[in-house]
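This briefing sets out selected features of a structure, arranged by topic.

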Amino acid sequence: MIPARPAAHTDIKSTGWAARLPPRARAYVLLARLDRPVGTWLLFLPGLWGLLLPPGVSVWSRLHLAILFAIGSLAMRSAGCVINDLWDRDIDAKVARTAGRPLACGALRPRDALLFLVAWLLIAVLVLAQLRPAAWALAPLGLVLTALYPLAKRVTWWPQLVMGFTFGFGAPMGVVAATPGELSPMIEPLLALYAGVILWQLGFDTIYGFQDMEDDARIGVKSTSRLMAGRARMFIGGCYAAALVLLALSARAAGLGLWFWPPFALGCALLGWQVAILDPANGPRALRLFKANVPAGWILALAFACGRLL
């Protein structure tokens, strides 16, 4: 095994509420990333955008669905982290930032992780059962994407694109779950929304991957971050610009009102700021910019809410 280099920085916290837990409980919290909710927000927000897109839905119905999607996002993100760490435990042990993950360092066994995975999937199934049957048909595809995403870095230079399809799957799920009647009028805005989310997530996950480029190159892991490091601003800027165009087209196709545009413009500015200060060689900054997509995503959610509800 190639040992990991000492970590200059890591997203695994040595302080905070998780650090005060007993060692075994802390290992499960770290496995599911419960102490680092950024991924859960980034999974939830596209679903929230989707819930706000269809017309003819009461505020209370949208709120009820948003609560279900929040629980489902927590369950599926946690399940995805377990699946990812099961696939990647040998790779994680060779990467400085991830060598302390519970499966990589031996704090938990694969059997422990599999049982934990089943528990999270049961929660996700219970949430799915509360949605309209049309959403059930999409769920198996989402689960397949979640299970296969960790393999992408082994076979393609574009694992971040696969991640976009996976993490962005909440967007079409949200549209389908919230549409009260015939789905066909919502197909165009649904497809534009999903495509926009995929490109947004391709952009920010490429930023996230800039943290690991040296280790990834050393052990032969492929990534869009390594592939595009020499033209990072152009690539990330292109992803974000195309994503915003598609989100705007989705809002227009769904008939959102003029109040969509002021917060949408602010969201555009925040994504542009990320591109302006991007430095692929600065791992800590890459992590901060990745996390900045949560407030940007909330501002875009505000745009969809204002366009639909005001």
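The model is predicted.

**Packing of α3 and α5**

- Two packed helices are described by the angle between their axes and the distance between the axes.
- Helix α3 (residues 59-92) and helix α5 (residues 110-128) cross at roughly 155°, and their axes come within 9 Å.
- Angles over 145 degrees count as roughly antiparallel, and α3 and α5 are therefore roughly antiparallel to each other.
- The crossing of these two helices, α3 and α5, is left-handed.
- On the α3 side, the residues that meet α5 include L68, I71, L74, A75, V82 and R89.
- On the α5 side, the residues that meet α3 include P110, L114, L117, W120, L121 and V127.

**Packing of α14 and α15**

- Helix α14 (residues 232-253) packs with α15 at an angle of about 170°, and their axes are 9 Å apart.
- This pair, α14 and α15, is therefore roughly antiparallel as well.
- Helix α14 contributes R233, I236, G237, Y240, L244, L247 and A248 to the contact, while α15 contributes W261, F264, C268, L271, Q274, V275 and A276.

**The buried side of α16**

- Helix α16 spans residues 283-291, and its residues G283, A286, L287, L289 and F290 are buried.
- These residues lie on the same side of α16, because they cover an arc of only 165° around the axis.
- An α-helix has 3.6 residues a turn, so residues three or four places apart point the same way.
- The cover over the buried residues of α16 includes α2 (38-52), α11 (187-209), α15 (261-276) and α17 (293-309).
- At the start of α16, the backbone nitrogen of R285 has a side-chain oxygen of N282 within 3.0 Å.

**S225 in α13**

- Residue S225 belongs to helix α13, which covers residues 224-228.
- With a relative accessible area of 0%, S225 is buried.
- A polar atom of the S225 side chain lies 2.7 Å from the backbone oxygen of T206.
- Leaving aside residues up to four places away in sequence, S225 touches Q160, D205, T206, G209, F210 and M213.

**R33 in the α1-α2 loop**

- Residue R33 is placed in the loop between α1 (23-31) and α2.
- Most residues other than glycine have a negative phi.
- The phi of R33 is positive, at about 60°, although R33 is not a glycine.
- R33 counts as buried because its relative accessibility is 6%, and buried means under 20%.

Conventions
Residues are numbered from 1 along each chain as its sequence is written. This is a predicted model: local features need pLDDT of at least 70, side-chain atom pairs count only at pLDDT 80 or more; totals for chains, interfaces and linings use all residues. Side-chain values use heavy atoms; hydrogens and water are left out. Helices (H or I, at least four residues) and strands (E, at least two) are DSSP runs, numbered from the N terminus. Buried means under 20% relative accessible area, exposed over 50%, partly exposed in between (1.4 Å probe, protein chains only). A polar contact is a pair of N or O atoms within 3.5 Å; within protein, one must be able to donate a hydrogen and the other to accept it, and residues adjacent in sequence count only if both atoms are side-chain atoms. Contact means heavy atoms within 4.5 Å. The arc is that of the directions from the helix axis to the C-beta atoms. Axes are lines fitted to C-alpha atoms, for helices over the stretch in contact, and angles run from 0 to 180 degrees between N-to-C directions. Angles under 35 degrees count as roughly parallel, over 145 as roughly antiparallel, 65 to 115 as roughly perpendicular and the rest as oblique. A crossing is left-handed if the near helix is turned anticlockwise from the far one by less than a right angle, and right-handed if clockwise.
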